[in-house]
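Have the structure open while you read.

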Amino acid sequence: MQFIITAYDGTDEKALERRLQAREEHLRGVEKRCKEGEHLYAAAILDDEEKMIGSMMVGGGVSIKRGTGPMA
């Protein structure tokens, strides 16, 4: 099953700083999930000034069950 996740960053003044601090570890996880076929593609969501304000991901190859996993 394929699915889309859309996630927006916080709107406080430190939100972009937090995003950039987590970026390298995040990208390593994405690379791993791509190799395993769980992560199909993703992109940053930009505002009108091309500042990153969130992201979206299309996943597949995993089963999503309501009420399970880290987001439950």
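E17 is partly exposed, with a relative accessibility of 40%; the label covers everything between buried (under 20% relative accessible area) and exposed (over 50%), using a 1.4 Å probe and protein chains only. Its side chain meets that of K14 in a salt bridge at 3.7 Å, N to O. K14 is partly exposed too, at 42% relative accessible area.

Before going further, some bookkeeping: this is a predicted model, where local features need pLDDT of at least 70 and side-chain atom pairs count only at pLDDT 80 or more, while totals for chains, interfaces and linings use all residues. Residues are numbered from 1 along each chain as its sequence is written, and side-chain values use heavy atoms, with hydrogens and water left out.

How many salt bridges are there in the model? The count comes to five, taking a salt bridge as a side-chain nitrogen of Lys or Arg within 4 Å of a carboxyl oxygen of Asp or Glu.

What does the R19 and D9 pair tie together? R19 lies in helix α1 and D9 in the loop between β1 and α1, so the bridge links parts that are 10 residues apart in sequence. Helices (H or I, at least four residues) and strands (E, at least two) are DSSP runs here, numbered from the N terminus. R19 is buried at 16% relative accessible area, whereas D9 is partly exposed at 23%.

The E31 and K35 pair sits within helix α1: the two are four residues apart, so about one helical turn separates them. E31 is partly exposed at 46% relative accessibility, and K35 counts as exposed at 67%.

Now for the sheet. Strands of a sheet pair through backbone hydrogen bonds, either parallel or antiparallel. In this model three strands make an open sheet in the order β1-β3-β2, with antiparallel pairing; two strands pair if DSSP finds at least two bridges between them. At the edges are β1 (3-8) and β2 (39-46), each pairing on one side only. From one strand to the next, the twist averages 15°. Axes are lines fitted to C-alpha atoms, for helices over the stretch in contact, and angles run from 0 to 180 degrees between N-to-C directions.

β2 and β3 (residues 52-59) run antiparallel and are joined by seven bridges. Helix α1 (residues 15-35) packs on the sheet, touching β2 and β3, and its direction makes about 15° with that of β3. Contact means heavy atoms within 4.5 Å.

Two residues are worth a click. H39 is found in strand β2 and stands opposite G59 in β3. Is H39 buried or exposed? H39 is buried, with a relative accessible area of 5%. Leaving aside neighbours within four places in sequence, H39 is in contact with V30, R33, C34, M57, V58, G59 and G60.

M57 has its place in strand β3 and is buried as well, at 17% relative accessible area. Not counting residues up to four places away in sequence, M57 touches F3, I4, I5, H39, Y41 and A42. M57 and A7 are 50 residues apart in sequence, yet 8.7 Å apart in space, C-alpha to C-alpha.
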